[in-house]
Amino acid sequence: MRWKILVIFILIFFISLKVIESDNDKVDDTVFEALEANQEVPVVVQLKESNNGIFVTSEVETSDVVEDLGEDFEKKNEYGNVFKGFSGNITAEQLEILKDDNRVERIYFDYKVKALTFNTTVLLNTSVINIKTINGINITGKDQTVCVVDTGVDYNNLSLGAGFGAGYKVLAGYDTINNDGDPLDGNGHGSHIAGIIAGNGQIKGMAPDAGIAAFRALDNSGGGTSSDVVQGIDWCIGNSTAYNITVISLSLALINDSSPNNEAIFSTQCDGNDIVVNAANKARENNMSIVAAAGNDGNTIGIASPACGSNVTAVSSVNKQDSPSSYNSGNLTSFWAPGEDIYSVSSSGSSGCADGLCSGTSMAAPHVAGIMVLLLQYKKFENGTTLKPVQIIEALNKSGINVTRSGVIRVRVDAYDAIRLLDTQPPFVNINLSTLDAYFNSSNMTINFSAIDPFLDYSLINVTYPNGTQWFNSTANVTIPFSNLTISGNYTVALFSNDSLNNKNLTVKSFRIITPAVALGYPSNFLNISNNNLTINCSVKSQFDLVNLSLHHNFNGNLLFNQTTNLTGRNNFTNFTFNNLNDGMYSYNCISSDNSNNTFFSASNYTFIIDTANPGVNLLSPSNASTQTSSTVTFNYNVTDNFNITSCSFIFDGSTDQTNTTIAQGISQSFVKPSISNGDHTWAVRCSDFANNLNTSLTYNVTVSVVADSGSPGGGGGGGGGGGSKKASSSAVVSEPESKVVEEVPTIPKVEEKTYEEERNKDLSKLIEEVANLKKGLEILFNEISSIKEQLREPSPQELSTNRKITSSLGKSTLNLIVKFDGEKSVEDFIIYDEVPKDFAEDSSLINVNAEGARITVIEADPVYMFSYKNVNPESEYSIEYNINKEVDTEIINEFRRPIVLVKDFEEEPVREQPFKEDSNVKVYIFIGGVLLLIFVILGIMFHRLERVERKEGLR
């Protein structure tokens with residue numbers, strides 16, 4: 001009995017320990033760690049579904065738990081489906097309350113998350129088709145234009161071409177809201193649409209090389225009138241020829257007048273009900289495809305106008321799993337396309353799409369518009385034809401994936417399959433042979449082939465022997481080693497290829513194996529020889545026994561037969577010797593015959609030069625033993641030779657001073673030597689020709705005597721009185737004018753400086769949002785922006801001094817940015833954002849940046865830079881240097897804006913008592929102590945009663 005009681009006691013003890021563990025285990029360790037450095041931390045609190053008490057079970061109410069945390073707790077989210085619970089920021093004291101609350105199941109740290117983008121170019125296979133080519137051009141929508149009638153387009157966005165007008169992606173447009181020619185987006189919706197169609201940058205659209213014509217028919221709030229949209233369609237039609245507009249995109253819907261917040265829904269074609277539909281029908285008559293969004297009201301029977309028009313392609317939305325979205329669809333739907341969580345161009349504005357992420361049939365429709373121009377480009381480049389809208393619809397309907405909603409089956413479009421169905425062109429095939437004549441057992445044979453088709457399926461080369469039997473076939477390029485080319489005759493190479501629609505093509509080429517194979521040895525082709533005695537050698541290999549080998553040369557004028565050597569066997573090397581040949585240019589070749597009546601020369605003649613004559617070198621000036629009064633002297637000479645001169649060297653005072661490798665024979669050449677000291681010197685010229693014949697001229701003496709300028713003479717005497725004039729004696733010496741050396745004045749660099757002292761009067765958070773590249777740079781640096789911008793600040797003018805200095809000279813310019821930090825305490829991050837004007841450098845690739853100790857981030861190639869430093873102390877000075885290889889006007893320093901300097905201070909340790917864990921444990925220990933004391937009391941009573949029972953039984 002006693003041991004049972006002891007077991008019960010041990011179990012109770014461990015259960016008590018479990019209570020300690022359960023209180024600690026229901027809190028993420030990260031919560032404790034975060035509270036050590038912060039006053040409050042974000043958490044997610046999971047509650048129990050019910051509170052099981054000893055006597056009663058009650059349902060847990062989230063509001064009751066939240067209320068117990070006090071008025072200073074602010075609930076962020078509340079959950080009722082995934083689990084019962086809530087989220088928000090809690091303090092250490094509030095954590096204690098939650099730990100002790102039996103209604104709390106678990107307390108999680110609220111981690112930050114990062115969105116994962118969904119790439120529709122992969123789902124719709126446009127990324128696959130974009131890398132395919134037709135007649136050498138990628139299928140990317142090139143030379144096609146989509147007219148986007150919407151809120152305008154942010155043509156300044158890099159993914160949309162960063163410009164407006166001819167030569168840019170957004171090549172034309174109009175704004176009917178302001179009645180001007182600037183269709184800049186003030187909402188963001190139209191830019192998002194344009195990015196889906198033709199984005200080409202960070203955002204990649206369906207047709208990245210297509211053009212956009214932007215018509216702004218909707219205002220900054222996304223509203224407009226039918227009349228404005230009709231004007232937009234009218235403008236698209238009127239400019240279709242000028243800009244090759246082939247598709248119109250309409251991501252808009254008619255509003256129900258009786259219910260202004262709802263779309264007008266049509267389950268049958270609405271051609272007579274809407275002026276926009278009538279305008280769209282007119283565009284179809286002009287051979288333009290019109291794509292419209294089905295609407296977002298969630299109707300499964302009808303769709304919005306103008307999508308309900310008989311000549312309008314209506315597009316409904318699916319998600320990335322190809323499940324229908326909860327937007328409009330029905331019998332009038334033409335196609336499905338992705339419309340949920342679509343990432344595209346972000347643009348400032350009031351639209352929900354302004355941040356780059358948007359959902360709706362507005363996003364589905366431009367996917368189809370982009371794919372349509374891919375089909376149009378493909379057919380135009382394939383055979384010069386222009387697809388009609390009905391042909392495009394047919395190709396899209398025969399491809400893609402079927403998706404069903406409420407009994408209506410329609411195709412989710414697929415660019416690759418649709419274009420493949422349009423393919424009628426067989427593969428372009430070509431065979432490239434390394435030579436048409438390969439010599440028996442002497443040279444390798446390489447067979448390369450190409451088969452080009454965007455939908456290539458299969459290619460095979462087949463090689464046959466001269467007798468017509470197959471030698472081998474291959475699906476890849478091959479190199480046949482010479483050891484396998486031992487059968488002479490004509491070989492046939494046939495290339496067969498087909499594509500996935502079984503369009504076929506065949507081409508044939510042949511090459512020949514020549515036997516006997518004659519090779520010329522010495523002299524090699526174009527060799528220069530400085531010897532009149534010559535040995536010519538030739539070699540030959542044959543499939544059959546050799547008969548002879550003969551030499552042909554032109555030593556006597558024409559290339560004729562000279563001598564023959566009889567041969568045996570199938571491999572031979574023969575020399576032919578000649579003596580006392582005259583200098584000249586000669587050619588030779590060898591011919592051989594075998595006993596099967598095959599006779600062949602080598603592939604081509606070899607040419608060589610015999611040149612035994614040395615170059616003739618003549619010194620022209622200065623003449624021998626002359627005196628020069630300048631320290632810079634030009635030495636002139638000329639040289640002649642039977643053939644070409646390779647080089648001439650200037651020998652000054654017995655040593656080679658200069659060498660010239662570009663020599664014109666028979667024309668005066670020169671060497672210029674500066675800074676010659678006064679005194680006697682010698683000079684000569686040594687020249688060499690291509691045969692390495694070398695000759696040195698005579699050696700001339702020259703004296704250099706430069707008299708130092710002693711200054712100008714004194715004033716001359718006045719004119720004489722009336723006497724007669726005197727004539728100079730005929731023996732008088734007439735001195736030549738003194739030759740003076742004019743020293744080149746060095747270029748003085750231009751310097752300009754600028755100091756920034758003004759303080760920026762703008763809220764930092766607003767500044768970050770307004771300067772898009774600053775925001776982008778901070779996102780690159782810190783991987784996020786929402787919380788970090790709250791931790792940054794701009795130093796005050798007392799903490800910061802900033803100045804620039806530009807130095808510009810011939811061929812080089814340097815701009816220095818000096819930033820000095822003089823705060824009272826160290827900072828964790830010190831960030832300098834700087835924009836460089838395009839007049840200084842068009843692109844960052846032209847700038848050499850030197851910023852020691854900084855992490856350099858090129859935000860944009862325009863160029864825009866960010867320099868970041870870690871753990872910066874007061875009185876730290878940083879120098880950033882931009883160098884370019886051109887001279888710029890120093891006034892450009894005024895085009896440099898004041899750099900934006902931001903700092904992130906070290907987080908201060910919170911002043912508060914830490915031991916909330918210890919306090920918790922003390923409470924637990926007191927509780928356990930009380931429990932154990934109670935257990936001991938109960939056990940004492942039980943043992944006492946047990947002893948009384950045992951005594952009574954003993955008395956019996």
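**View A. Asp829 and its salt-bridge partner Lys870.** Asp829 is buried, at 5% relative accessible area (buried means under 20%, exposed over 50%, and partly exposed in between, with a 1.4 Å probe and protein chains only). Its partner in a salt bridge is Lys870, with the closest N and O atoms 2.9 Å apart (a salt bridge is a side-chain nitrogen of Lys or Arg within 4 Å of a carboxyl oxygen of Asp or Glu). Lys870 sits in strand S55 (residues 864–872) and Asp829 in strand S52 (residues 827–835), so the bridge ties together parts that are 41 residues apart in sequence. Helices (H or I, at least four residues) and strands (E, at least two) are DSSP runs, numbered from the N terminus. Lys870 itself is exposed, at 54% relative accessibility. Please keep in mind that this is a predicted model: local features need pLDDT of at least 70 and side-chain atom pairs count only at pLDDT 80 or more, while totals for chains, interfaces and linings use all residues. Residues are numbered from 1 along each chain as its sequence is written, and side-chain values use heavy atoms, with hydrogens and water left out.

View B. The side chains of Asp322 and Arg412 meet in a salt bridge of 2.8 Å, N to O. This pair links distant parts of the chain, 90 residues apart: Asp322 is in the loop between strand S16 (313–318) and strand S17 (335–338), and Arg412 is in strand S21 (residues 408–412).

**View C. Glu860 and Lys776, a strand joined to a helix.** Here the salt bridge spans 2.6 Å, N to O, between the side chains of Glu860 and Lys776. Glu860 counts as buried at 10% relative accessibility, whereas Lys776 is partly exposed at 27%. By the salt-bridge rule, the count comes to 22.

**View D. Helices H8 and H10 side by side.** Two packed helices are described by the angle between their axes and the distance between the axes. The axes of H8 (residues 226–238) and H10 (residues 275–285) come within 9 Å and cross at roughly 5°. That makes H8 roughly parallel to H10 (the term covers angles under 35 degrees). Axes are lines fitted to C-alpha atoms, for helices over the stretch in contact, and angles run from 0 to 180 degrees between N-to-C directions. Ser226, Val229, Val230, Ile233 and Ile237 of H8 meet residues of H10 including Ile275, Val276 and Ala279 (contact means heavy atoms within 4.5 Å).

**View E. Helix H7 under cover.** In helix H7 (residues 189–198), 10 of its 10 residues are buried. Among them are His189, His192, Ile193 and Ile197. The cover includes strand S9 (145–150), strand S11 (211–216), strand S12 (245–250) and helix H11 (361–383).

**View F. Gln665 in a loop.** Gln665 lies between strand S43 (655–660) and strand S44 (669–673), and it is partly exposed at 29% relative accessibility. Asn638 is 27 residues away in sequence, yet the C-alpha atoms of Gln665 and Asn638 are 6.9 Å apart. Not counting residues up to four places away in sequence, Gln665 touches Val639, Thr640, Asp641, Phe643, Asn644 and Ile645.

How values were computed: Parallel < 35°, antiparallel > 145°, perpendicular 65-115°, else oblique.
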